[in-house]
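Hi,

Here is the structure I promised to pass on. Have a look at it first, and then read on for what turned up.

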Amino acid sequence: MSAAALRMIRCRRLSTAGPGVKRALPWKDIRKIAKVTGAVILGGCVFITYEVVALGKAVTIDTQAILQEKHKSYIYLKATPSHEQENLATGLTHRTRKELHKAARRFLEISSKILLRPLDEHFSHLDADPHEVALWVLLKRTRSATKAVRLQAVQELADNHHWHDYQYQTAAQVIDQRTAVGLARTPQVDLRFFLPPPALPELEDGLSVEDGLRQLLASLPQSEVDKCVQYFTSLALRESSQSLATQRGGLWCFGGNGLPYAQSLTSVPSEKVESFCLQALVQHSKVHSHCDHIVANGGLQLLQRVYQLRRDSQKIQRNIVRIIGNLALNESAHQAIVQSGWVPVLAEMMQSPHVMQASHAARALANLDRETLKEKYQDGVYVLHPQSRSDQPIKADVLFIHGLLGAAFKTWRQKDCSISEEEKETGSKEDYTECWPKSWLAADCPNLRVLSVEYDSHLSDWKAKCPAENQRKSLAYRSQELLNKLKSAGVGERPVVWVAHSMGGLLVKKMLLDASEDPDMQGLLKNTKGIVFYSVPHHGTFMAEYSVSVRYLLFPSIEVRELCKDSPALRDLNEDFLNMAKEREFKVLSFAEKLPTNIGPMLKIMVVPAQSADLAIGDLIEVDVNHLNICKPENKDSFLYKRSLQFIQEALQNFISH
């Protein structure tokens, strides 16, 4: 074979062998790469597993539980009508939410047990948004077995103004009756803490609110009530709105508030008839056994309906809340009052700028609050300060007693001033107060309890409640009635200063004399430290004689007849009181008017001359004002207020700090 042929064969062998070598090399490399990669992956898995285990030991709580708490809180309960499918969905949602809540709670409790710490302490050390967990901590503490813990939790709930809206909604669904009342009695509480009142059932066809009030009155027993209550109840049931609108020539009133039908019933008869029925219900609510009937017969829901319907009528709202306050005197009715949605209504009313509205709500809430108060405020006894829960200890009481035709609030307002157009524009009269004891005295002496007492009084029987009322107006009757109410309010357990205007001063003297004969009221005498008399007719008044001389026009009432100048009853009252005051060393300050008072458009008389206002003990100060303004200071810097404040502070200097 030639050399050329050999070279050709060798080239072919090389050409066929070359590709075979190239195919074998990559597979060998792949095997090596697979081994290395497997080792890396296995090592990584071991490392990651180790890190996960170590991290699990280091983490104390899964924050996902917090998110669950937050998300479940967006589920709200609303009292809205629904069909069967909606009811089914609502039920499923409620059960789901309940199970989520239980699971989250259980998880947190287990976590706290692992750490061997109480749940509350554990929350305080969490590295999380405090608002997400603090709410539940406080809500748990409001149910603590320790009273101090509960009170502190309620205060912290109200003081924190940075809760989110969903947290307020959650709290509103969780808080119990005791906590709700406590929050309502906290100053300027956020109203989102309270659920709205439950939906009211639809009225029957053709049945009005007025008819509902009549039915409620008809269901109440007529036993245990005096003749006046029977009289007005029967009148309210008998008369229709049309017949009431035709009445003329009379001023029927309850509690000093008139009801002039002749001029106003024709325009809004239904509202006036509602007011008339409500005032009859006020009298029934004073009878303990009748309160149960009012609650059992749907009275709370009916009153809620009237309240919502008459939001533009402050007078009707006050009468309704007055009834609630009377019902709240019975602890058996507390649960029904709360469940019918009255706590948020009272909390809102407490924040009213109007003193009368706020004071009526404060009384009702105080009677509901058995957590911090043992006193009960009967009908006609109002707390002007403190109206809310407070850490300030109460060292003494100051009681304000009005006179003829007076009232618990209007008697003690600031002196009325005519406001010019310029002053209206500048707002210079914005600091005017409807009740200076609440606005001024409470600010100057915050550790005092300031009470104002209201009772019915009339110049003549023509304006009296009912024909039977004449027998109830004597000083003796009023004295016993008010003493029982003040005893229920705890008056006499602390040092007391009395402040009285006109006939109210005679009533104070009679009450102290009656207390001296009652073994249970000796504390009231012992703790009476001073009395302020504003134009009190210790020796009678010419106004009473004037009323007698025109008796065919005024028909003077028992109160006025007892005020006749130098009457035997007044003389005996004054002598007996003087003896007791000297023996017990009462401090006394008397103010006397120097200006005549307008009685009608044509008459001016000196109602209580200085000689009649002089008790013969203590200081007597004559002031250039008339009888009506003697107890109404012009401003906080006026002599009347400053001298009164000085006397109160001096009489109580051993018990209060200035």
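Let's begin with a network: Lys374, Glu375, Asp397, Arg449, Glu493 and Arg494 are linked by salt bridges. By salt bridge I mean a side-chain nitrogen of Lys or Arg within 4 Å of a carboxyl oxygen of Asp or Glu. Side chains of opposite charge can pair when their charged atoms come close. Counted by this rule, there are 24 salt bridges.

Before you go further, note that this is a predicted model, so local features need pLDDT of at least 70, side-chain atom pairs count only at pLDDT 80 or more, and totals for chains, interfaces and linings use all residues. Residues are numbered from 1 along each chain as its sequence is written, and side-chain values use heavy atoms, with hydrogens and water left out.

Now for some single pairs. Asp379 and Lys286 meet through their side chains in a salt bridge, at 3.4 Å from N to O. Asp379 sits in the loop between helix H19 (355-368) and strand S3 (381-385), while Lys286 sits in the loop between helix H13 (269-285) and helix H14 (288-296), so this pair ties together parts that are 93 residues apart in sequence. (Helices, H or I with at least four residues, and strands, E with at least two, are DSSP runs numbered from the N terminus.) Asp379 counts as buried, at 6% relative accessibility, whereas Lys286 at 39% counts as partly exposed. Here buried means under 20% relative accessible area, exposed over 50%, and partly exposed in between, using a 1.4 Å probe and protein chains only.

Another pair is Asp619 with Arg643, whose closest N and O atoms are 3.4 Å apart. This one links distant parts of the chain, with Asp619 in strand S11 (residues 619-623) and Arg643 in helix H30 (residues 639-651), 24 residues apart. Asp619 is partly exposed at 43%, and Arg643 is buried at 14%.

Leu191 is partly exposed, with a relative accessible area of 35%. Leaving aside residues up to four places away in sequence, Leu191 touches Ala347, Glu348 and Gln351, where contact means heavy atoms within 4.5 Å.

Cheers
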